[in-house]
2 protein chains.
Amino acid sequence: MSDTRQKILDIATELFAERGYAATSLSDIAERLGTSKAALYYHFRSKGAILDALVSEPLTAFTKLAAAARDLPPRDLLAAILDTAIAMRTLFELLDKDPSTRKHLDADATRATSAQVNATLVAVLAGPDPTAGSTARAHAAYATVKNAALAILAQGGDLDDLTRRELLAAAVRALEPGA
Amino acid sequence: MSDTRQKILDIATELFAERGYAATSLSDIAERLGTSKAALYYHFRSKGAILDALVSEPLTAFTKLAAAARDLPPRDLLAAILDTAIAMRTLFELLDKDPSTRKHLDADATRATSAQVNATLVAVLAGPDPTAGSTARAHAAYATVKNAALAILAQGGDLDDLTRRELLAAAVRALEPGA
DNA sequence: GTCTATACTTAGATAGAC
DNA sequence: GTCTATCTAAGTATAGAC
């Protein structure tokens, strides 16, 4: 992969995360890159192709996780979700939060959506024969390893090993039925 | 407040939530309303004014909650956050997730941002003399009453009283130090 | 209160030179 | 690989009639 192409992806990651996909123009990207808009088209077919290239990695990682989820004990599954979210924090936020990004990806029917992957993981956490209670607890645990982790990172906090273990333990407590 | 004005706000709420603020055009809104674009300008000074009108309610509700937070026991605070998030679900998602909405609001320095309110609430939940551990647990509890609740609603689940109590209990468990 | 018409700007994208 | 120049479409917004 060429150097310029990678630079474009880096810039796009940052700008998309900051203002969203729709609100970021190719002019914005070209300006930061120090080139003209036209130059971008040598590296990508369209604006949408830039987004596609960005999100394919975290999306496949999460899709694989969802496929393997049923074979993992809940604690290991939560740990895997937490680590994946940390590793791909910026792109994962984009995928999960920005409505214009979601809408662009939903237009491609061949690919699993972020919402579908989320639903699968929560369903596995809710266990076989899920009840309203176990489903609620699954959502709570999932929000802890995903949203709480991202929130800490977004606030500028470092997610060191102590914090990571604390979050994981909180998620496990949330998942287990109360006394 | 006039009938048309309220209709515009309802349509904008739906479209902004679905595709984001930046990706929704005044043409989109006018089309659904069954009028021309120009008609919108009789009711609002600008596109941004529509967004401002929409988010002012949930933003002030959450700001008040943050101001009163220190006087509430943690469980009651979590319950209040949960109920506020449920009551204002769509607008709250917009405020919390859409980057273009956030950027528009951040431009107005006189108003507290959603991120600031979030930070305040988490800080209160982390207690006096917060540690890395108590902060992590605060984030976990906060993500449970906010994100998990919204996720259940977004999936089309009904947040009945049983589910509400289950979520709240999970958040309290997440907040308390582990055994 | 709503319309048509239009001004002005920017968007994404392409053509062709270098 | 990158440029300048340009196309077309769409965006927000305004003017003025009804």
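Me: In which helix of chain A is the place of A:Thr84?
Reply: The model considered here is predicted. In chain A, the run of residues 74-87 forms one helix, and A:Thr84 has its place there. The element asked for is helix 5.

Me: Is A:Thr84 buried or exposed?
Reply: The relative accessible area of A:Thr84 is 16%. Buried residues are those under 20%. Because its value is 16%, A:Thr84 is classed as buried.

Me: Which residues is A:Thr84 in contact with, leaving aside its neighbours within four places in sequence?
Reply: Neighbours of A:Thr84 within four places in sequence are set aside here. The contacts that remain are A:Ala61, A:Phe62 and A:Leu65.

Me: How many salt bridges does the rule find across the interface of chain A and chain B?
Reply: In this interface, 37 residues of chain A are in contact with 37 residues of chain B. One of the salt bridges joins B:Arg137 to A:Glu166, with the closest N and O atoms 2.9 Å apart. Across the interface, the number found by the rule is two.

Me: Which helix of chain A supplies the largest share of the side that touches chain B?
Reply: Across the interface of the two chains, eight residue pairs are in polar contact. On the chain A side, at least two residues each come from helix 1 (3-19), helix 6 (89-97), helix 7 (99-106), helix 9 (132-154) and helix 10 (161-175). The largest share is twelve residues, and its source is helix 9.

Me: What percentage of the area that chain A and chain B bury between them is on carbon and sulfur atoms?
Reply: Chain A and chain B bury about 2800 Å² between them. The part of this area on carbon and sulfur atoms is 63%.

Technical notes: Residues numbered from 1 in each chain as written. Chains lettered and ligands numbered in written order. Predicted model: local features only at pLDDT ≥ 70, side-chain atom pairs only at ≥ 80, totals over all residues. Heavy atoms only, no water. Contact = heavy atoms within 4.5 Å. Buried area = accessible area lost by both parts, 1.4 Å probe. Salt bridge = Lys/Arg side-chain N within 4 Å of Asp/Glu carboxyl O. Polar contact = N/O pair within 3.5 Å; in protein donor to acceptor, adjacent residues only side chain to side chain. Helix = DSSP H or I, 4+ residues; strand = E, 2+ residues; numbered from the N terminus. Buried < 20%, exposed > 50% of the residue type's maximum accessible area, 1.4 Å probe, protein only.
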